Amino acid sequence: MTASHGQASSGDFDRVLVVDFGAQYAQLIARRIREAHVFSEIVPRDVTAEEVAARSPVGIVLSGGPASVHAEDAYELDPAIFELGIPILGICYGHQVIAAALGGEVARTDTAEYGRTPLEADSASVLFRELPEHLEVWMSHRDAVVAPPPGFLVTASTPDAPVAAMEAPELGLYGVQFHPEVAHTPRGREILEHFLYDVCRARPTWTHVGIIERSVEAIRTAVGNERVICGLSGGVDSAVAAALVHKAVGDQLVCVFVDHGLLRKGEAEQVDETFRRTFGMRLVAIDAAKRFLDALAGVTDPEEKRKRIGETFIRVFEEVAAEFSDARFLVQGTLYPDVIESGTKDAAKIKSHHNVGGLPDDLRFELVEPLRDLFKDEVRAIGEELGLPAEIVWRQPFPGPGLAVRIIGEVTEERLEILREADAIILEEIHRAGLTRELWQAFGVLPTVRTVGVQGDERTYAYPLVLRAVTSDDAMTADWARLPYEVLERISSRIINEVPGINRVAYDVSSKPPATIEWE
């Protein structure tokens with residue numbers, strides 16, 4: 001598979017690397033840095049000094065982690081990274097890594113600190129400059145730094161963490177035991193900004209306008225005068241990707257909408273209305289529903305579903321490309337969370353995304369993925385900046401494999417129609433309740449089992465429908481939504497009464513982690 005093109009070159013932005021020591025907050029640290037308009041990238045804990053130097057970062061942040069620096073298999077940082085002269089901020093476990101590596105002392109304290117904790121800080125220090133001496137921070141640790149390395153100043157403490165923060169400004173090294181990236185540390189954003197702006201001298205140029213300008217330039221450079229094919233699903237990711245590429249190359253872009261028969265109700269008509277009629281983009285619609293259903297016949301394994309769907313998508317695109325001077329480039333709306341979840345050196349595979357891990361090995365296209373470095377909220381903001389309508393920008397995420405991964409078991413035409421009708425009711429009632437913007441996603445899942453029910457004084461033996469609704473900022477973590485009982489009641493009543501084949505509705509109250517948002 002060829003390399004991806006069309007991303008805004010990170011060489012145009014100051015970059016901060018976030019070294020992931022296995023923390024649940026690594027992605028949150030990266031997001032907070034981006035919110036300060038500085039580009040951030042998550043790298044694995046075994047990153048080498050050579051790999052760091054090749055990325056030319058202006059700063060490095062070491063994340064927290066679940067391990068102890070005293071464990072036999074403790075995560076360590078390549079010691080040569082300390083010799084690069086790049087400013088480093090250690091958070092929680094990262095704070096302890098700096099201390100242990102440079103001659104400080106880390107010990108198991110008598111009392112662990114979890115949750116909100118009072119902190120006494122030196123307001124003359126770099127990180128706490130102009131902040132109150134008495135702060136509230138969020139702690140989550142058992143080990144603590146009890147003596148800083150030689151040359152470090154202690155700049156903050158708590159009752160159970162004598163070295164809650166330390167710094168060696170002449171070395172560009174800083175550490176905090178608490179978590180400045182979480183909302184429960186009220187002044188944490190300012191502490192991070194002091195590191196970014198005052199220590200790293202990072203320029204706040206990672207803005208929506210800057211991303212668009214550099215993406216457009218990168219796309220034009222990569223594509224030249226060649227024809228480009230865009231796989232357009234109608235969701236926000238592919239829509240924003242298409243808008244970016246259209247802004248860059250205009251009529252060289254041909255959007256291909258593949259109706260794979262796995263869509264939500266009315267989706268095909270909405271895509272045509274928005275992109276062909278409103279934006280004047282060249283749109284080719286392909287009815288491939290039977291082809292996809294044939295490919296999925298008898299398949300129950302979710303990974304196999306994704307792979308078959310991904311490969312079928314590519315084969316359809318290849319056939320369309322042959323009709324347009326054999327186009328070499330394929331646009332995809334791949335996001336940063338897609339890359340992380342599909343398994344990279346940085347993260348274990350959670351599930352293959354059809355547009356990443358599900359692509360065939362013999363892919364003949366060169367990929368153009370202008371959103372590959374972005375989180376979902378950044379994509380939405382760019383979509384608004386590009387002038388996409390709110391109903392597209394704020395559409396709830398929908399998996400590329402569509403309803404196929406919301407049917408737990410074999411995908412059939414009958415099951416698709418049942419789930420499609422139930423899903424439409426869910427979205428209607430969520431919109432009616434004014435909850436659309438509050439929820440990350442709300443949808444139905446159809447397990448292919450049967451349950452006994454009673455309707456009209458007669459026994460039924462039909463499918464259950466599982467309602468899933470979550471809140472999230474970026475899909476890396478999510479919490480189940482506390483929907484009002486009256487909304488749940490309306491959804492359940494309507495589905496059971498209006499959708500033949502369903503006699504029971506259940507509500508999924510699992511968060512991510514440990515569950516994922518989608519069931520497959």
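**Backbone turns and charged pairs**

Reply: Start with C92, which sits in the loop between β5 (88-91) and α3 (93-101). Keep in mind that this is a predicted model.

Me: What is the value of phi at C92?

Reply: Phi of C92 is near 55°, a positive value in a residue other than glycine.

Me: Is C92 buried or exposed?

Reply: C92 counts as buried, because its relative accessibility is 4% and the cut-off for buried is under 20%.

Me: Where is R201, which also has a positive phi?

Reply: R201 is found in the loop between α4 and α5. Its phi is about 55°, although R201 is not a glycine. R201 counts as exposed, with 62% relative accessibility, since exposed means over 50%.

Me: Now the charged side chains. What is the general idea?

Reply: Side chains of opposite charge can pair when their charged atoms come close. For a salt bridge, the nitrogen has to be within 4 Å of the carboxyl oxygen. By this rule the count comes to 34 salt bridges.

Me: Which residue does D14 pair with?

Reply: D14 forms a salt bridge with R203, and their closest N and O atoms are 3.0 Å apart. D14 belongs to the loop between β1 (4-5) and β2 (15-20), while R203 belongs to the loop between α4 (188-199) and α5 (208-223), so the pair ties together parts that are 189 residues apart in sequence.

Me: How accessible are D14 and R203?

Reply: D14 is buried, with a relative accessible area of 12%. R203 counts as partly exposed, at 43% relative accessibility.

Me: What does the salt bridge between R116 and E136 tie together?

Reply: The N to O distance in this salt bridge of R116 and E136 is 3.8 Å. R116 lies in strand β6 (residues 105-121) and E136 in strand β7 (residues 134-147), so the pair ties together parts that are 20 residues apart in sequence. E136 is partly exposed, with a relative accessible area of 40%.

Me: Where do E417 and R420 lie?

Reply: Both E417 and R420 lie in helix α13 (residues 413-432), three residues apart, which is about one turn of the helix. Their side chains meet in a salt bridge of 3.1 Å, N to O. E417 is partly exposed, with a relative accessible area of 39%, whereas R420 is buried at 15%.

Me: Which residues are linked in a network of salt bridges?

Reply: The network links E428, E429, R432, R490, R494 and E498.

Me: What does the side chain of E190 make a polar contact with?

Reply: The side chain of E190 makes that contact with the side chain of R187, at 2.4 Å. E190 lies in helix α4 and is partly exposed, with a relative accessible area of 29%.

Me: How far is E190 from F128, in sequence and in space?

Reply: E190 and F128 are 62 residues apart in sequence, and their C-alpha atoms are 8.3 Å apart in space.

Terms used. Residues are numbered from 1 along each chain as its sequence is written. This is a predicted model: local features need pLDDT of at least 70, side-chain atom pairs count only at pLDDT 80 or more; totals for chains, interfaces and linings use all residues. Side-chain values use heavy atoms; hydrogens and water are left out. Helices (H or I, at least four residues) and strands (E, at least two) are DSSP runs, numbered from the N terminus. Buried means under 20% relative accessible area, exposed over 50%, partly exposed in between (1.4 Å probe, protein chains only). A polar contact is a pair of N or O atoms within 3.5 Å; within protein, one must be able to donate a hydrogen and the other to accept it, and residues adjacent in sequence count only if both atoms are side-chain atoms.
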